[in-house]
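Please open the structure in your viewer and keep the selection tool at hand.

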Amino acid sequence: MKKCVTFSKIILCEEQAKDIYDALVSSGHDDLATMLVSKAPRSPIDRQFIDALPHLDENDFSVDDQPVVSMSRDGAYVMVWRWVSNEDAGLADSE
């Protein structure tokens, strides 16, 4: 049986998380490195782009040739791409 250990929540700076990721990859622990990346919170700028999605035209998206499909009993989620401009995300124009 797997033993679980509880740790206190910690906050890592981006550089610290990157150092841990690099150490895991270089020591052959790719699965743990991948888990670290999947648990990392989104940046504030990422969050602005994500928050803009509900306000965009629902029919405006692109699909890869071989998109990721997550099946369930009642249907499936199909991964699509949505363009979100800096303006839509509330960010200053990059020009």
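**Salt bridges and a hairpin**

Begin by selecting D51, which counts as partly exposed at 43% relative accessibility. This is a predicted model. Side chains of opposite charge can pair when their charged atoms come close.

How many salt bridges does the structure hold? There are 3.

Next, select K18 and D22, whose side chains meet in a salt bridge (2.8 Å, N to O). Because they are 4 residues apart in helix 1 (residues 14–26), about one helical turn separates them. K18 is partly exposed at 46% relative accessibility, and D22 is partly exposed at 33%.

Now move to R73 and D74, which form a salt bridge with their closest N and O atoms 3.7 Å apart. R73 is exposed, with a relative accessible area of 78%, and D74 is exposed at 69%.

Then display strand 1 (residues 69–72) and strand 2. The two strands pair in the antiparallel sense over 4 bridges and form a hairpin with 2 residues between them.

Finally, select F61, V63, V69, M71, V78 and V80, which form a nonpolar patch on the surface with about 530 Å² of accessible area together. V80 lies in the segment after strand 2 (75–78) and is partly exposed, with a relative accessible area of 34%.

Definitions and conventions. Residues are numbered from 1 along each chain as its sequence is written. This is a predicted model: local features need pLDDT of at least 70, side-chain atom pairs count only at pLDDT 80 or more; totals for chains, interfaces and linings use all residues. Side-chain values use heavy atoms; hydrogens and water are left out. Patches are made of residues with over 30% relative accessible area and no salt bridge: like charges are joined within 9 Å, nonpolar side chains (Val, Leu, Ile, Met, Phe, Trp, Tyr) within 5 Å. Accessible areas come from the Shrake-Rupley method with a 1.4 Å probe; for residues, only the protein chains shown count as cover. A salt bridge is a side-chain nitrogen of Lys or Arg within 4 Å of a carboxyl oxygen of Asp or Glu. Buried means under 20% relative accessible area, exposed over 50%, partly exposed in between (1.4 Å probe, protein chains only). Two strands pair if DSSP finds at least two bridges between them.
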